[in-house]
Amino acid sequence: MTALHEVIGHGSGKLSDKVSGGAEPYLKEYFSTLEEARADLMALWNVWDPKLKELGLITDQQEVAKAMYDNAALAPLTQLRRIRVGDTIEEDHERDRQLIAFYVMDKTGGIERIERGGKTYLHVKDYAKMRDGLGMLLAELMRIKAEGDYAAIKALVDRYGLHFDPALRDQVLARYRKLNLPTYWAGINAEVTATFGKNSQIEKVEISYPREPVHQYLRYGAMYDKGLLGATSLH
């Protein structure tokens with residue numbers, strides 16, 4: 001999901017002459033939500049592509065694809081554990097996930113909300129219908145970005161990605177409290193060190209995994225201060 005999102009997701013699409021300089025000035029505060037949703041949708045759509053198996057990147061393609069769809073359907077529910085006050089989603093990735101799931105639920109019924117034992121669940125009712133809905137939304141977001149259609153993205157996000165039911169959030173918080181899980185956690189990135197020989201040729205590359213996240217984040221901060229990272233994304 002992450003590889004498809006970052007590589008072909010953000011790297012996809014074509015802008016019209018009107019917005020050839022970039023869609024950000026046209027889509028304004030909704031640009032980031034659109035961009036994250038577009039990248040997620042590219043991943044969810046293309047996970048079924050036979051080329052992935054041909055390249056040896058995936059083995060049991062159907063099970064991997066279904067797992068990604070299950071996670072996408074669950075996301076609007078599970079992410080509520082992070083929003084402890086209010087009824088509005090502010091973070092762009094969280095808006096994009098709810099936008100996708102709720103759009104599919106509304107347009108195709110591929111995702112279903114059910115109540116059982118006083119608890120709410122979201123699940124994939126029909127994987128094919130879900131994919132249909134994902135394709136519809138992906139096509140529309142591609143068009144919106146290409147044309148800089150502010151009104152269209154505002155309408156979509158405001159309808160599907162912005163608000164949630166506080167009572168449902170309270171239920172989710174209560175369910176998570178019993179699990180004793182952290183609301184947020186951070187990972188450690190592998191560190192790669194190259195050894196150079198004559199003519200600056202790389203002779204050896206070593207990989208290590210530091211055990212202290214704070215040290216790694218401080219090192220990243222120092223690299224930014226020195227301008228060593230440039231436009232590199234660290235997420």
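Of the 235 residues in the protein, 35% are buried, where buried means under 20% relative accessible area, exposed over 50%, and partly exposed in between, with a 1.4 Å probe and protein chains only. The model is predicted, so that local features need pLDDT of at least 70 and side-chain atom pairs count only at pLDDT 80 or more, while totals for chains, interfaces and linings use all residues. Residues are numbered from 1 along each chain as its sequence is written, and side-chain values use heavy atoms, with hydrogens and water left out.

The protein has ten helices and four strands, these being DSSP runs numbered from the N terminus (helices H or I, at least four residues; strands E, at least two). From the N terminus on, their order is α-α-α-α-α-α-β-β-α-α-α-β-β-α. Taken along the principal axes, the C-alpha atoms fill a box of roughly 65 × 50 × 40 Å.

Two packed helices are described by the angle between their axes and the distance between the axes. The axes of helix 6 (residues 92-107) and helix 7 (residues 127-147) come within 9 Å and cross at roughly 115°; axes are lines fitted to C-alpha atoms, for helices over the stretch in contact, and angles run from 0 to 180 degrees between N-to-C directions. Leu99, Ile100, Tyr103, Val104 and Lys107 in helix 6 meet Met130, Gly133, Leu134, Met136 and Leu137 in helix 7, contact meaning heavy atoms within 4.5 Å.

The whole structure holds 14 salt bridges. In one of them, the side chains of Glu94 and Arg82 meet at 3.7 Å, N to O. Glu94 counts as buried because its relative accessibility is 6%, whereas Arg82, at 26%, counts as partly exposed. Another salt bridge joins Asp106 and Arg159 (3.2 Å, N to O). Asp106 lies in helix 6 and Arg159 in helix 8 (residues 150-161), so the pair ties together parts that are 53 residues apart in sequence.

Glu36, in helix 3 (residues 31-46), is buried yet has no salt bridge. The nearest side chain of opposite charge, Arg97, is 7.3 Å away; Lys and Arg count as positive and Asp and Glu as negative, with His and the chain ends not counted. Leaving aside residues up to four places away in sequence, Glu36 touches His5, His10, His93 and Asp96.

Terms used:
A salt bridge is a side-chain nitrogen of Lys or Arg within 4 Å of a carboxyl oxygen of Asp or Glu.
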